[in-house]
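This briefing is meant to be read alongside the sequence and the structure shown here. It takes up charged pairs, then the helices and their packing, and lastly a loop residue.

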Amino acid sequence: MQDRLGDKLRLLHVIDAITEIENYLQDVDLENFVKNSMMFNATLRQLEIIGEASNRLSEKMLL
């Protein structure tokens with residue numbers, strides 16, 4: 001079955017997720033990151049988005 005989203009859109013999802021993580025972590029040290037469960041879980045969700053988008057890239061993108 002043809003995937004409805006193309007590689008370009010998936011890569012944009014990856015870039016958006018990376019940008020979100022950078023925004024979450026700006027001026028935050030490790031200790032405060034680990035203590036802040038909302039920030040930790042929001043970052044984890046963005047990493048999931050990156051993983052899912054990456055796993056669905058076409059074969060030609062992986063070569």
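The side chains of Glu31 and Lys35 form a salt bridge, with 3.0 Å from N to O; the term stands for a side-chain nitrogen of Lys or Arg within 4 Å of a carboxyl oxygen of Asp or Glu. The model is a predicted one, in which local features need pLDDT of at least 70 and side-chain atom pairs count only at pLDDT 80 or more, while totals for chains, interfaces and linings use all residues. Residues are numbered from 1 along each chain as its sequence is written, and side-chain values use heavy atoms, with hydrogens and water left out.

**Salt bridges**

- Two salt bridges are found when the whole structure is searched, and side chains of opposite charge can, in general, pair when their charged atoms come close.
- Glu31 and Lys35 are four residues apart in helix H2, so about one helical turn separates them; helices here are DSSP runs of H or I with at least four residues, numbered from the N terminus.
- Lys35 counts as exposed because its relative accessibility is 61%, where exposed means over 50% relative accessible area, buried means under 20%, and partly exposed lies in between (1.4 Å probe, protein chains only).
- Arg45 forms a salt bridge with Glu48, and their closest N and O atoms are 3.3 Å apart; because these two are three residues apart in helix H3, about one helical turn lies between them.
- Arg45 is partly exposed at 39% relative accessibility, and Glu48 is partly exposed at 38%.

**Helix H3**

- The 19 residues of H3 should span 27 Å at 1.5 Å a residue, which agrees with the 27 Å between its end C-alpha atoms; the expected span is 1.5 Å times one less than the number of residues.
- The buried residues of H3 are Met39, Thr43, Gln46, Ile50 and Ala53. Seen down the axis of H3, these buried residues fall within an arc of 85 degrees, so they line one face of the helix, the arc being that of the directions from the helix axis to the C-beta atoms.
- An α-helix has 3.6 residues a turn, so residues three or four places apart point the same way.
- Met38 and Asn55 are exposed on the other side of H3, whereas the buried residues of H3 pack against H1 and H2, with contact taken as heavy atoms within 4.5 Å.
- Thr43, which is buried at 6% relative accessibility, touches Ile21, Tyr24, Leu25 and Phe33 when residues up to four places away in sequence are not counted.
- Gln46 is buried, with a relative accessible area of 12%, and is in contact with Ala17, Glu20, Ile21 and Tyr24, leaving aside neighbours within four places in sequence.
- Ala42, placed in helix H3 (residues 37-55), is partly exposed with a relative accessible area of 23%. Ala42 and Tyr24 lie 18 residues apart in sequence and 8.2 Å apart in space, C-alpha to C-alpha.

- H1 has 19 residues and reaches 27 Å from its first C-alpha to its last, close to the 27 Å expected at 1.5 Å a residue.
- The buried residues of H1 are Asp7, Arg10, Val14, Ala17 and Ile21. Down the axis of H1 they fall within an arc of 85 degrees, so these residues line one face of the helix.
- Exposed residues Lys8 and Glu22 are carried by the face of H1 turned away from its buried side, while H3 and helix H4 (59-62) are among what covers the buried residues of H1.
- The largest nonpolar core has five residues, Val14, Ala17, Ile21, Ile50 and Ala53; such a core is a set of buried Ala, Val, Leu, Ile, Met, Phe, Trp, Tyr and Cys residues joined through side-chain atoms within 4.5 Å.
- H1 and H3 each supply at least two residues of this core, and the largest share, three residues, comes from H1.
- Val14 is in contact with Ile50, Ala53 and Ser54, its neighbours within four places in sequence being left aside.

- Asp27 is found in the loop between helix H1 (7-25) and helix H2 (30-35), and counts as exposed at 77% relative accessibility.
- The phi of Asp27 is near 60 degrees, a positive value in a residue other than glycine. Most residues other than glycine have a negative phi.
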